[in-house]
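I opened this structure to look up how its parts are divided and where they touch. My notes follow in the order in which I checked things.

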Amino acid sequence: MPSRIFVTGLGFISGLGNNVQENLNSLLNLRSNIGPIRHIDTNLKHELAVSEVSMTSDELMRDAGLPDDSAYSRNALLGIIAAKEAFSHAKLDKHPGLNIGLISGTTVGGMDECEKYYQDFLTNDSKNRFIETYDCADSTEKIADHLGLKGFMTTISTACSSAANSIGFAARMMKAGKLDCAVAGGTESLTRFHLNGFNALKILDKFPCRPFDATRNGINLGEGAAYLVLETEETNQKTGNPVLCELVGYGNACEAFHQTASSPDGAGAYLAMKKALDMSGETPDAIDYINAHGTGTDNNDLSEGRAIEKLFTGKIPHVSSTKPFTGHMTSAAGSAEAIISILGMQQGIIWPNMNFSNPMPELKFQPAGEIIRGVDIKLVMSNSFGFGGNDSTLIFKKHGVH
Amino acid sequence: MTNVNAIYINGLGNLSPQKTTDSSRFLDEVNRVQSNRLACIEPNYRDFISPDILRRMGRLIKMGIASSRICLEDAGCKMPDAIITGTGLGCMEDTEKFLTTMVRNKEELLTPTSFIQSTHNTVSAQIALLLKCHNYNFTYVHRGWSFESALLDAMIQLRNGRASTVLAGGMDELTNGSFEITRRLGHWRTKPADTFDLLKTTARGSIAGEGSAFFLLSSAPGDNTYAVLSGLHTFNRKASPFALPRILNEFLERSGTSPGEIDLAVCGFNGDTSSAGPYKELTGSLNSAGIAAWKHLSGEYMTSSAFALWMSSMIIKNQRVPEAAVIRAPGSGAIKTILIYNHYLDLNHSFILIRKP
């Protein structure tokens with residue numbers, strides 16, 4: 001059975017840029033685009049700061065060459081762009097005969113169109129073509145169509161850990177010998193539905209978010225999509241693709257504490273990190289960087305911070321939340337932050353936890369306040385935690401390091 | 001006989017439009033209706049959930065908790081090593097409630113309860129919360145492959161030794177809104193259909209249904225083992241060529257069996273003549289097998305194959321096909337091997353193979 005899983009392709013669209021290079025440029029220039037809502041017609045327009053992909057859905061449709069009368073949710077459009085980039089990066093179209101899976105995470109699915117047309121769905125038939133874009137699987141099916149994939153595919157919905165879980169499940173499928181390689185990640189577009197939902201929970205900040213800061217006051221929601229191409233070692237010998245890094249650990253646990261809140265001691269976060277670390281066979285002190293879930297809520301950052309302190313009893317690695325760059329991309333956050341972590345490893349850069357200035361009195365460690373260059377990063381950990389206590393951690397290792 | 005790679009179905013819990021929660025009875029009495037939609041026969045949820053949390057809990061969550069509790073008790077399992085669910089549309093009642101309130105109130109004065117419960121993973125998370133189960137927890141949401149993905153993940157977890165017991169289930173609820181919308185798309189019969197006539201009449205459209213069925217899967221047999229889960233395959237109508245006999249033969253070969261060994265084919269006939277083709281093609285190639293169906297009893301929904309796996313497990317254990325489910329009676333010998341074949345809207349196709357332990 002295959003034992004090693006290599007990352008050989010990346011695709012990324014977010015408020016920072018429409019592809020991996022544009023995202024990297026924004027990160028290197030410490031450029032965030034968190035600001036007022038531009039694309040969504042909502043009463044919250046002037047109440048909240050968010051990170052939106054720059055193009056409107058119509059522009060995304062035109063860019064993809066899709067006819068105006070076809071039915072695509074923004075979720076599917078973002079997913080297609082990022083998945084196509086990853087697929088092309090790994091040149092998977094050049095290797096016929098590979099058993100390629102598609103595993104995608106999403107939660108609000110096609111709600112962006114559904115929330116506009118729900119009354120039409122119930123009372124007239126003018127917008128029926130959008131009905132079947134509503135469910136979570138629609139974006140996955142459309143991505144598969146655009147990549148020409150007709151084999152195994154599935155969709156995962158574990159709220160804000162969906163994309164991290166997609167990567168973990170893809171690896172398990174490959175290790176079980178059921179796939180040669182996989183396109184895995186997640187996609188999520190902003191909707192009035194979840195802007196209002198998070199707003200009703202009173203966990204959104206109208207100013208740029210400040211994770212791990214004593215004055216933090218909530219989340220900025222973001223949107224986008226991010227996919228990784230994963231190959232088994234055996235498949236990689238066939239494709240000859242350069243290995244970007246290796247996926248060495250993935251952990252999934254359920255906190256079983258509360259439907260939306262994290263426990264004060266971070267039991268679920270600890271378990272997810274511990275499981276991933278145990279699978280990787282590495283010790284805590286070998287981890288060079290943690291890309292924290294770090295949403296900027298009171299609850300998450302305290303809980304996650306305490307879990308980090310519990311697991312890393314010796315030296316605590318560099319920690320940052322990159323959500324002040326991208327916003328919280330919810331179901332796409334896991335794969336987006338995996339890519340940000342991998343880019344940091346490639347560049348030898350610890351990404352800063354922007355907007356941080358006041359240490360939390362409850363924690364012994366502080367996040368990286370400034371960008372740190374020239375660091376030899378061998379192992380990175382990326383955390384994603386979701387509603388329902390669905391907590392997941394991924395660990396990537398620099399290739400060729402022992 | 002135990003097999004290192006075998007996966008045992010050691011417990012069942014099924015909430016459906018039929019009386020299926022009591023495993024000592026097996027469709028002896030059918031809930032016969034004239035309708036184009038079927039609703040679950042719901043238990044007294046107070047038997048499963050304390051009143052203080054029951055009050056605000058969404059319906060699909062209640063259905064999921066009740067059926068998972070029945071399943072765990074049936075298997076004598078207190079704490080599974082993993083909880084894995086599949087749901088096509090998740091908590092529709094809460095989603096519609098939050099959406100319509102948001103539109104009606106013009107985004108003002110919203111309370112978060114229905115939003116919190118609208119995410120698809122709420123059922124598996126709430127099961128974990130009530131059990132205080134910190135183990136692996138996953139939710140799949142891919143139309144007609146939602147339950148199949150959950151089963152597949154369960155099989156991988158059991159075979160790679162990361163779990164020895166997995167609670168896996170499939171659930172969907174039918175709301176007035178989701179019924180009306182899919183009715184407008186032409187999914188359902190325009191005239192009420194009789195439960196016993198649905199599969200005999202030729203017309204467009206099926207009947208809508210709902211349900212929540214859980215399975216306790218284990219790498220070891222138990223006192224109450226129903227069947228062995230020995231194969232699962234999802235396949236795509238868009239694959240070209242879509243050659244059903246070849247796909248079947250390859251699947252059976254991988255699962256260590258052959259077409260001649262199939263005693264019963266449990267097929268997803270749903271009364272819609274336009275969807276019957278693949279089932280007819282399959283059963284036409286399995287001459288020696290009996291044929292049974294379930295959707296006239298459960299209605300059509302994205303995770304109805306979970307009802308089919310419940311029914312097939314009961315058939316193996318009881319060694320009889322309920323009269324209400326028979327299309328073509330099997331031979332007089334033991335029912336050792338059952339193939340379940342389902343497709344959702346002729347896009348998401350799946351095979352599930354179970355055997356007598």
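I started with chain B of this predicted model, and I found chain B divided into domain 1, residues 7-218, and domain 2, residues 230-355. I then looked up the distance between the C-alpha centres of these two domains of chain B, which is 21 Å.

Next I turned to the contacts inside chain B, where 47 residues of domain 1 meet 36 residues of domain 2. On the domain 1 side, strand 1 (7-15), helix 6, strand 5 (165-172) and strand 7 (211-218) of chain B each supply at least two residues, and helix 6 of chain B gives the most, with six residues. I noted that this side of domain 1 divides into 23 nonpolar, 17 polar and seven charged residues.

I went on to the contact between the chains, in which 47 residues of chain B are in contact with 45 residues of chain A. The largest share of the chain B side, five residues, comes from strand 4 of chain B, and the residues of that side are 22 nonpolar, 16 polar and nine charged.

Last, I examined helix 4 of chain A, residues 111-123, and asked how far apart its end C-alpha atoms are. They are 18 Å apart, which agrees with the 18 Å that its 13 residues should span at 1.5 Å a residue. I also recorded a kink of about 60° in this helix, centred on Tyr117(A). Among the buried residues of helix 4 of chain A are Met111(A), Cys114(A), Tyr118(A) and Phe121(A), and what covers the buried residues includes helix 3 and helix 7 of chain A together with helix 3 and helix 7 of chain B.

Methods
Residues numbered from 1 in each chain as written. Chains lettered and ligands numbered in written order. Predicted model: local features only at pLDDT ≥ 70, side-chain atom pairs only at ≥ 80, totals over all residues. Helix = DSSP H or I, 4+ residues; strand = E, 2+ residues; numbered from the N terminus. Expected span 1.5 Å × (residues − 1). Bend = angle between axes of the 7 residues up to and from the residue. Buried ≥ 20, exposed ≤ 12 C-beta atoms within 10 Å, placed from the backbone. Contact = placed C-beta atoms within 7 Å. Nonpolar A, V, L, I, M, F, W, Y, C, P; charged D, E, K, R; others polar. Domains from an automatic or database assignment.
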